[in-house]
Amino acid sequence: MNCDGYRRMLYLYRQGELSNREAEELVQHLHSCESCRLEQERIGAVDEIVQRIRSYTPVVEDPRLLTSAIMSKVRSAQANDESQGILDKLLDLFALPQVRIAASAFVVLVTGTFLFQYLTLFTDIHSLELSAGLQSAASHKSETLYSVESSEITKLAQTKDLQDLIPAGQYKIVDRKILVNQNDVSSLLSSSGLRSLTSAIASSVLHVDKKKLDAIIEDVTKNYTTVTTFGQ
Amino acid sequence: MTDDKIQELIGRCAERDVLAFEQLVRQFQSYAFALAMRLLCNEEEASDAVQESFVRVWKHLDRYDRGRKFTTWLYTIVTNISLDRLRAIKRNRRLFSSRDEDPSIDDIQDERDLHEIHSNEELAGMIRALTDELPLKQRLVFTLRDLQDLSVEEVSEASGMSIGSVKTNLHYARRRIRQRMAEKYNVERLES
Ligand SMILES: [Zn+2]
């Protein structure tokens, strides 16, 4: 090998960069070649500077802040994924003609870690009842529009996410149900309101078992009449 | 943290355990930051890159091969994200600023600067001065190997380059850096 070849090897001077055999050959050559030895010294001087740079480890100024920034992004990514999944299914469900006739019946389904619960959101009972040909609408309409039955959801009501969404005083919890005034519920019914509600629920419950969710969706889809005839 | 503990945490993360993930983040965020900082030479960019990296880790945990070291996988992700940012920064710099604002070896004011580093900022200045003129591949390989101190194999995995290509780029990078230092400072005469 000529000096050019050895020069290349000189630059691969750190552990594991040359094979033993290459390293031996290089040492042999350096014994007999002054110009390559000189080059090796120069490289060594630069490497000392590089070592100094390497020995300074960049410092995270505020580790807690970085962790919380990361985790808040992770949590919102997680909530987005889950609520998106639920929402997509809901919208599919809603697109079914039979369900759309009922116009405002919505079923939000949430699974807990081990629990498995239906969160039922009945919206605009008045028109629901009208469309079902019911006369008793008046007796219901000032009452609960948004009804949730779940201990998980009751816990959720105490979490900040839901409180942000529905200001305190505009809902009350009775018998594991969250009751929301008719006036306040309208904002929830806008798609962005529903989106944030679903996202809040998803981020609080965290575990959504996709298979179980699919099973419930299917179940509800088949038995939609139980939804649309609410109020009878 | 032991490998077993790391694998246990990863197992819990795969089941979408956010608290387990938080432990993983606490354990590895400084490694990730060090690499991002050395590549990007800017605290804010590095911090953003680390956040983006961990979100990607969380989302793509199912793609992690448990037979490999977690840090190697993490480094691959941090490297990819940092490189994307580096390319964007370089593009913007070309578009929006004059050549004068680019850091160069001339930013190192005197030989004393070559000795001590006391802050992220000083570090960034030093690394930029040494590596800013290098082609991206050389810069990447040099940073992973000589600054982050990964093995050649780890560099190969993190960069997606073959071992041979890693060595070739490493050789060019070191040679270029040596030449620049020599031109500027007669560095070979520096005492250790
Ligand atoms: Zn020679």
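Predicted model: local features only at pLDDT ≥ 70, side-chain atom pairs only at ≥ 80, totals over all residues.
Me: Which residues coordinate the zinc ion?

Reply: Look for the donor atoms around the metal. Here they are the SG atoms of A:Cys3, A:Cys33 and A:Cys36, together with NE2 of A:His29. They sit at 2.1 to 2.4 Å. Along the chain, the donors are spaced C-x25-H-x3-C-x2-C.

Me: Why is the arrangement of the four donor atoms tetrahedral?

Reply: Check the angles. Four donors count as tetrahedral if all angles lie between 85 and 135 degrees. Around this zinc ion the angles are 103 to 119°, so the arrangement is tetrahedral.

Me: Is A:His29 buried or exposed?

Reply: Buried means under 20% relative accessible area. A:His29 is buried, and A:Cys36 is too.

Me: Now the interface. How many residues does the contact take from each chain?

Reply: Count each side separately. Chain A gives 38 residues and chain B gives 52. The area buried between the two chains is about 4,200 Å². Carbon and sulfur atoms give 64% of that area. On the chain B side, B:Gln51, B:Arg174 and B:Arg178 supply 15% of what chain B buries against chain A, more than any other three residues.

Me: How many salt bridges are found across the interface?

Reply: Look for charged side chains facing each other. The rule finds six between chain B and chain A. One pair is A:Arg14 with B:Asp146, whose closest N and O atoms are 2.8 Å apart.

Me: Which element gives the largest share of the side of chain B that touches chain A?

Reply: Sort the touching residues by element. Elements giving two or more include α3 (43–59) and α8 (163–185) of chain B. The largest share, 12 residues, comes from α2(B).

Methods: Residues numbered from 1 in each chain as written. Chains lettered and ligands numbered in written order. Heavy atoms only, no water. Donors = N, O, S within 2.8 Å, 3.2 Å for Na, K, Ca; no water. Tetrahedral: all angles 85-135°; square planar, octahedral: opposite > 155°, others 65-115°. Buried < 20%, exposed > 50% of the residue type's maximum accessible area, 1.4 Å probe, protein only. Contact = heavy atoms within 4.5 Å. Buried area = accessible area lost by both parts, 1.4 Å probe. Salt bridge = Lys/Arg side-chain N within 4 Å of Asp/Glu carboxyl O. Helix = DSSP H or I, 4+ residues; strand = E, 2+ residues; numbered from the N terminus.
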